[in-house]
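Please find below my notes on the model, arranged as numbered points.

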Amino acid sequence: MAHLGYNPLFALLEAGYSTSWETFVIFGGWVIGHQLAYVLLGIALARARIVPLWATALIIVSAPVMGPLAYGTGLGILQILGYVMVFAGSIPAAFAMLKVRES
């Protein structure tokens, strides 16, 4: 596909590829899996109480922001906002992992 460039053959190939039910299932699993992973990670961090609740809330809320809201409205800035939320929420988690716990 990369060697075809922008021509009618590429459009035909892309249309055939994206209408395949197998591809739809793989894409759907990939998207839903990523969104669900952010929610589960946030819940796990909140239950472990190793990071502040605002950090876990940012990670959990980022899933609908970068998924359904960004794609539903067509605003790419929401996708970026979602990734920024994950990044900000991950900073306390990274510091928690670096802490040396005394037994």
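1. Helices (H or I, at least four residues) and strands (E, at least two) are taken here as DSSP runs, numbered from the N terminus. The model is a predicted one, in which local features need pLDDT of at least 70 and side-chain atom pairs count only at pLDDT 80 or more, whereas totals for chains, interfaces and linings use all residues. Residues are numbered from 1 along each chain as its sequence is written, and side-chain values use heavy atoms, with hydrogens and water left out.

2. On the overall fold, the protein chain has four helices and zero strands, and its elements follow the order α-α-α-α from the N terminus. The C-alpha trace spans about 65 × 30 × 25 Å along its principal axes. The radius of gyration (taken over C-alpha atoms) is 19 Å for the protein chain, while a compact globule of 103 residues would have one near 13 Å; the globule rule behind that comparison is 2.2 Å times the number of residues to the power 0.38.

3. On exposure and contacts, a residue is called buried under 20% relative accessible area, exposed over 50%, and partly exposed in between, with a 1.4 Å probe and protein chains only. By this rule, 24% of the 103 residues of the protein chain count as buried. The chain exposes about 7800 Å², of which carbon and sulfur atoms supply 75%; accessible areas come from the Shrake-Rupley method with a 1.4 Å probe, and for residues only the protein chains shown count as cover. With contact meaning heavy atoms within 4.5 Å, residues 24 or more positions apart account for 45% of the contacts in the protein chain that have a separation of 6 or more.

4. Which residues make up the largest nonpolar core? A nonpolar core is a set of buried Ala, Val, Leu, Ile, Met, Phe, Trp, Tyr and Cys residues joined through side-chain atoms within 4.5 Å, and the largest one here has ten residues: Y38, L45, V51, A55, I59, A63, M66, V86, A93 and A96. Helices α2 (21–48), α3 and α4 each supply at least two residues of this core, and α3 gives the most, with four. In soluble globular proteins, nonpolar side chains tend to be buried together. V51, one of the core residues, is in contact with L45, T56, P92, A93 and A96, leaving aside its neighbours within four places in sequence.

5. S62 is found in helix α3 (residues 53–73) and counts as buried because its relative accessibility is 0%; beyond residues up to four places away in sequence, S62 touches Y38, G82, M85 and V86. M85 is likewise buried, since its relative accessible area is 12%, and M85 touches L58, V61, S62 and V65 when residues up to four places away in sequence are not counted. The C-alpha atoms of M85 and I59, although 26 residues apart along the chain, are separated by 6.3 Å.

6. Two loop residues deserve a look. R49 lies in the loop between α2 and α3 and counts as exposed, because its relative accessibility is 74%. The phi of R49 is near 55 degrees, a positive value in a residue other than glycine. Most residues other than glycine have a negative phi. G74 is placed in the loop between α3 and α4 and also counts as exposed, because its relative accessibility is 59%; the C-alpha atoms of G74 and F24, 50 residues apart along the chain, are separated by 20 Å.
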